[in-house]
Amino acid sequence: MGSVNNNGIENLASARKSLKSSLEKLKAIGLAAETAGPRLDEINQRLPPLEAAVRPIRAQMEALVAVGGHINRAVVPAAAVLKVFDAIHGLEKSLSDPQLDLPGYLSVLKRLEEALRFLGDNCGMAIQWLDDIVDYLEDNKVADDRYIMNLKKALKYLRELQNEEKGHLDGGLLGAALDRLEKEFRRLLKENSVPLPMSSPSSLGEQASIAPSPLPVLVIQKLQAILGRLIANNRLERCISIYVEVRSGNVRASLQALNLDYLEISVSEFNDVQSIEGYIAQWGKHLEFAVKHLFEAEYKLCNDVFERLGLDVWMGCFAKIAAQAGILAFLQFGKTVTESKKDPIKLLLKLLDIFASLNKLRLDFNRLFGGTACAEIQNLTRDLIKRVIEGSCEIFWELSVQVELQRQTPPPSDGSVPRLVSFITDYSNRLLGEDYKPILTQALVIQRSWKQEKFQERLLIDELLNLISAIGQNLEGWSKAYNDAILSHLFLMNNHWHLYKHLKGSKLGTLLGDPWLREHEQFKEYCLAIFLRESWAKLPALLSREGLILFSGGRATARDLVKKRLKAFNEAFDDMYKKQSSWVVVEKDLREKTCQLIVQAIVPVYRSYMQTYGPLVEQEASASKYAKYTAQSMETMLSSLFQPKPVKSGSFKVRQLSGKFSNGATDQYRSSSPTVT
């Protein structure tokens, strides 16, 4: 019994232990079951990538075998492109300051250009091959759809970049490098472009006839090297724009010292030719300076800098510099002068001055501005020359006609020389002088050639002789217009002496000849003799001594006769002096001679008369009525006669030109003024 109980206890203990162990296992299983859910979710999430990773294993054997070759063909050029791209960004650190090391900068820039050309040539091919492998992967289901979609997006972005400007391939590195090179191009030009120094505008004639190239050889070489790289990158126009801006500005700065504001004057601002003749003289000197010193230098420099690019390029560059620097303003001023309607007769000389200046620079103009790029300058120059020639020729051929038209105007009221006479005599001599005859002849030859006519020098001479002949006819007509015959003779005396004096020894006087000159000199003497005979020479007869022999008891009778005769003399003297005190003898030598002859005719007779008979009246209370003058005061009065009076400057204005020519400058000479002022 006892043994049976012991066995039962052991069995219970064993069962208890087994049950306890089972409970503990169940508890552990329960705890494990609680944590199994999240792990299963994690496994579920990892299954698709694992499936995609092993999908190639599930693909067909042929596709798996071929994909390696496709990948290698795409990866090799793509890797090369990436290697070059990395090299480009390595070059960025090698780009030095072009001012400090221009050769090194240009060398790196050239390598950068070559790298970019490689990218441009191969990037498209690499993208195409990558595109092919993506299509292969998609068609043969070798890769996951999402993977292929991401590849397509990346390739699309690369293709868009490749289709745009190459600058995007390097992130704008080349463009920035070229911009720095342009700045260095500008810096070299600006720092070496110095206005031509002048101490004063009067020093123009002291400058060298041809200015040297204004840039050092080393600077020109640097500019050419920079141009080479910029042109290789399609930046020639930008280079030319910079060059023209800097160099034309330098020329303008050189011209500023000349005070060229007058070039902007308009036709309406011309008061008369006299107001602009100073400008015209300056214009010729300034134009010559600009052409021979400034534009000549720019022409040579353009050739030096752009020579390798061909004639069209550097001539086009020079044409822009010349136009922007001011050559057009010079030509426009000349045109403005030809459009003036005031003082056309005086304008002839100014037009010839302009023509002389242009003719002097003809070879320079043809050489500097002869290219097709300078077409605008050529057209303006030809137009100006045409206006100057036609205008000056029309005025010249109309001179004698204009002199004849002045015949209807009244002569000077003081018997002096009409301004027309003095103007034409001086004018004719100047036209025959060395300054104007050659250029006038050339203008007449050119103008005749345009009309298919020949010109002979005798035509010019005959026209000037006709001009003087017309003046003589005017004098004859004017002398008859005076109501006072004495004043008429004074007028003829004045003018014939003026012609003799101002033409003797001159070129025109030589053409007229000595007999013609002597005739005018003799006629002056004739008129002077008549003037004296009909005026002052009549006064001494009023101081007659007849009936004045003094006998005793006849003193009172003699006094009355003296009073009567002195009164008559004084009245005649005063009237004549008053009338002639407003008359003028222009030439000093003739004036002094005339006054001397009058004094000789009057004063000795008066002095002798007063010495003899003056005492008869000097003691009376009314003596001043009869002994009105002393011989000395009378001589002083007579010696002061015929003095010229200050006059305002005037001009010989035309009535109306014939209008034979209708082009260019001729229309402006139409005028309706009938006066000689």
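Author: The side chains of arginine 238 and aspartate 179 meet in a salt bridge, at 3.6 Å from N to O; the term denotes a side-chain nitrogen of Lys or Arg within 4 Å of a carboxyl oxygen of Asp or Glu. Arginine 238 belongs to helix α7 and aspartate 179 to helix α5 (residues 173-192), so the pair ties together parts that are 59 residues apart in sequence. Helices here are DSSP runs of H or I with at least four residues, numbered from the N terminus. The model is predicted: local features need pLDDT of at least 70 and side-chain atom pairs count only at pLDDT 80 or more, while totals for chains, interfaces and linings use all residues. Residues are numbered from 1 along each chain as its sequence is written, and side-chain values use heavy atoms, leaving out hydrogens and water.

Arginine 238 is partly exposed, with a relative accessible area of 41%, and aspartate 179 is likewise partly exposed, at 31%. That class lies between buried, under 20% relative accessible area, and exposed, over 50% (1.4 Å probe, protein chains only). The pair also belongs to a network of salt bridges that links Asp179, Glu182, Arg235 and Arg238.

Helix α7 (residues 236-256) also contains serine 248. Serine 248 is buried, with a relative accessible area of 1%. Not counting residues up to four places away in sequence, serine 248 touches Ile321, Gln324 and Ala325, where contact means heavy atoms within 4.5 Å.

Notes
Helices (H or I, at least four residues) and strands (E, at least two) are DSSP runs, numbered from the N terminus.
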